[in-house]
Amino acid sequence: MAVEVGSTLEGQVTGIVKFGAFVKLSENMAGLVHISEIANEYVSDINDFLKVGDKVQVKVISIDEHGKVALSIKQAISTTAHHEKKKSIGLVRESLSMDKSHFSNKERNGSNFRRNQHRNDSGSFEDKLNRFLKDSGERLLDLKRNVESKRGGGRGSRWSD
């Protein structure tokens, strides 16, 4: 497999130093994952995240004129996570675009009952996410109405001329 900037490859950790980890990509190609590219969180000790012999997914972030290869584990993970996130965003948009006009006021006021009922239901993550988004959208709508009514809603305000 060709090693070029932007490609995601599998490699094996061959060495760990204070500032990063060396990863073997192929028989004659290796690169360095800098400590800042190990994880999305603060890394004080690389040994908490990696050990020699681990197989890791890495993304090639640069190759300099001397042939040194800079790698990133967190960017390789975020690339995979990005595709999953795109799927989730599609579900969120779908859920938010639902027409809520068919809910009566009584059903809106009973949202606490529905919320608690959903907590006891089992289902896929996507189902739970959709229910959460639906309930939170309803709660935000209720909050917005409540705040506007306390402010006077901009209509018939006592300050108008």
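Tutor: Buried means under 20% relative accessible area, exposed means over 50%, and partly exposed lies in between (1.4 Å probe, protein chains only). This is a predicted model: local features need pLDDT of at least 70, side-chain atom pairs count only at pLDDT 80 or more, and totals for chains, interfaces and linings use all residues. Residues are numbered from 1 along each chain as its sequence is written, and side-chain values use heavy atoms, leaving out hydrogens and water.

Student: In what order do the elements of the chain run from the N terminus?

Tutor: Helices (H or I, at least four residues) and strands (E, at least two) are DSSP runs, numbered from the N terminus. The chain has 4 helices and 5 strands. From the N terminus, the order is β-β-β-β-β-α-α-α-α.

Student: What percentage of the residues of the chain count as buried?

Tutor: Accessible areas come from the Shrake-Rupley method with a 1.4 Å probe, and for residues only the protein chains shown count as cover. The chain has an accessible surface of about 11800 Å², with 52% of it on carbon and sulfur atoms. Of its 161 residues, the buried share is 25%.

Student: How many residues lie between β1 and β2 in their hairpin?

Tutor: Two strands pair if DSSP finds at least two bridges between them. Strands β1 (residues 8-17) and β2 (residues 20-26) are antiparallel and share 5 bridges. V17 faces G20 of β2. The hairpin joins the two strands through 2 residues.

Student: Which residue in β3 is the bridge partner of F22?

Tutor: β2 also pairs with strand β3 (residues 29-34), antiparallel, over 6 bridges. These two strands form a hairpin as well, with 2 residues between them. The β3 partner of F22 is L32.

Student: Is V13 buried or exposed?

Tutor: V13 sits in strand β1. Contact means heavy atoms within 4.5 Å. Not counting residues up to four places away in sequence, V13 touches several residues, including F22, L50, K51 and V56. Its relative accessible area is 2%, so V13 is buried.

Student: What distance separates the C-alpha atoms of V13 and K51?

Tutor: K51 is itself exposed, at 55% relative accessible area. V13 and K51 are 38 residues apart along the chain. Their C-alpha atoms are separated by 7.0 Å.

Student: Which residue meets K51 in a salt bridge?

Tutor: A salt bridge needs a side-chain nitrogen of Lys or Arg within 4 Å of a carboxyl oxygen of Asp or Glu. By this rule there are 2 salt bridges. At 3.9 Å, N to O, the partner of K51 is D54.

Student: Which residue meets D142 in a salt bridge?

Tutor: An α-helix has 3.6 residues a turn, so residues three or four places apart point the same way. D142 and R145 both lie in helix α4, 3 residues apart, about one turn. D142 is partly exposed at 28%, and R145 is partly exposed at 40%. At 3.8 Å, N to O, the partner of D142 is R145.

Student: How far does helix α4 reach from its first C-alpha to its last?

Tutor: Helix α4 (residues 125-151) has 27 residues. The expected span is 1.5 Å times one less than the number of residues. That expectation is 39 Å, and the helix comes close to it, reaching 39 Å.

Student: Which residues make the nonpolar surface patch of about 280 Å²?

Tutor: Patches are made of residues with over 30% relative accessible area and no salt bridge; like charges are joined within 9 Å, nonpolar side chains (Val, Leu, Ile, Met, Phe, Trp, Tyr) within 5 Å. L140 lies in α4 and is exposed at 56%. By contrast, buried residues of α4 include L129 and L133. The patch is made by L140, L143 and V147.
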